[in-house]
Amino acid sequence: MFLTDPDRAPDAVSRLAELPKKAGIIFRHFGASDRFARAKVLAHHCLRQRRPFLIAADPELALSVGATGVHWPESWLGAARKWRGRFYIQTASAHSRRAAVRAAQMGMDAVFYSAIFPSDSPSAGQPVGPTKFRLFELHAPLPVYGLGGVNSRTAARIASHSGLSGVSLW
């Protein structure tokens with residue numbers, strides 16, 4: 001999955017060609033004024049290419065552009081309850097085993113665990129490293145996607161220790 005950022009990755013459509021064929025996008029708009037137009041274009045490209053397209057923390061926008069689903073920040077999991085069954089895919093951030101269990105109870109399809117490696121992302125916390133990530137993954141009740149400082153080199157380090165479901169790039 002590729003997580004967008006309006007400042008650090010403003011042209012997500014051009015990044016689609018760089019992604020593996022089945023990789024999708026999580027559109028994070030952070031309240032950008034052009035979010036509807038950008039989401040509509042991304043939805044068109046992703047869905048035409050049969051890629052998952054999720055919108056972070058904005059189920060109304062996801063419905064309005066026909067997104068595949070919604071990605072929920074861990075702190076918003078309570079809000080996800082009323083949207084259960086309205087989307088093909090729902091994912092959530094989980095920064096602890098307890099949060100992963102709660103996400104499973106809320107009907108999420110997968111969780112994103114961060115940060116695995118040092119990251120420039122403003123939302124990244126202290127990196128946990130591949131060993132702690134593997135332990136989290138082994139005990140998580142849902143598929144786990146690794147996030148934070150992930151690139152082609154670090155993804156290979158994770159994959160060699162793990163049965164992870166996938167990785168996420170920004």
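Helices (H or I, at least four residues) and strands (E, at least two) are DSSP runs, numbered from the N terminus. By that rule, F30 sits in the loop between β2 (25-27) and α2, and the protein has seven helices and eight strands. Welcome to a short tour of this predicted model, in which local features need pLDDT of at least 70, side-chain atom pairs count only at pLDDT 80 or more, and totals for chains, interfaces and linings use all residues. Residues are numbered from 1 along each chain as its sequence is written, and side-chain values use heavy atoms, with hydrogens and water left out.

**Overall build**

- The radius of gyration (taken over C-alpha atoms) is 15 Å, close to the 15 Å from the globule rule for 170 residues, so the protein is as compact as a globular protein of that length; the rule itself is 2.2 Å times the number of residues to the power 0.38.
- Along the principal axes, the C-alpha atoms fill a box of roughly 40 × 35 × 30 Å.
- Of the 170 residues, 49% count as buried; buried means under 20% relative accessible area, exposed over 50%, and partly exposed in between (1.4 Å probe, protein chains only).
- Contact here means heavy atoms within 4.5 Å, and among contacts between residues at least 6 apart in sequence, 47% join residues at least 24 apart.

**Surface and charge**

- The protein exposes about 8,800 Å², with carbon and sulfur atoms supplying 54% of it; the areas come from the Shrake-Rupley method with a 1.4 Å probe, and for residues only the protein chains shown count as cover.
- There are 22 positive and 11 negative charges, and their mean positions are 7 Å apart.
- In that tally Lys and Arg count as positive and Asp and Glu as negative, while His and the chain ends are not counted; each charge is placed at NZ of Lys, CZ of Arg, CG of Asp or CD of Glu.

**Nonpolar cores**

- A nonpolar core is a set of buried Ala, Val, Leu, Ile, Met, Phe, Trp, Tyr and Cys residues joined through side-chain atoms within 4.5 Å.
- The largest one has 43 residues, and I25, F53, I55, V65, M108 and F136 touch the most other members.
- Helix α2 (residues 35-48) gives this core its largest share, four residues.
- A second, separate core holds eight residues, including M1, I26, A56 and I89.
- Beyond its neighbours within four places in sequence, F136 is in contact with A94, S96, R97, A100, V111, Y113 and V144.

**The loop at T68**

- T68 belongs to the loop between α3 (59-65) and β4 (69-72), and with a relative accessible area of 14% this residue is buried.
- Leaving out neighbours up to four places away, T68 meets L47, R51, P52, F53, F87, Y88 and I89.

**Backbone features to look for**

- F30 is not a glycine, yet has a positive phi of about 50°; at 59% relative accessibility, F30 is exposed.
- R50 likewise is not a glycine and has a positive phi, of about 60°.
- You will find R50 in the loop between α2 and β3 (53-56), where this arginine is exposed at 76% relative accessibility.
- S114 and A115 are joined by a cis peptide bond, with omega about -10°.

**The loop between β6 and α6**

- A115, on one side of that cis bond, lies in the loop between β6 (110-114) and α6 (129-139).
- P127 is placed in the loop between β6 and α6, and is partly exposed at 36% relative accessibility.
- Although P127 and A115 are twelve residues apart in sequence, their C-alpha atoms are 4.7 Å apart.
- P127 touches A115, I116, F117 and P118, not counting residues up to four places away in sequence.

**Helix α7**

- R157 is part of helix α7 (residues 152-159), and its 38% relative accessibility makes this arginine partly exposed.
- R157 and G129, 28 residues apart in sequence, have C-alpha atoms 9.9 Å apart.
- S152 also lies in helix α7 and counts as exposed at 69% relative accessibility.
- From S152 to H45, 107 residues apart along the chain, the C-alpha separation is 24 Å.
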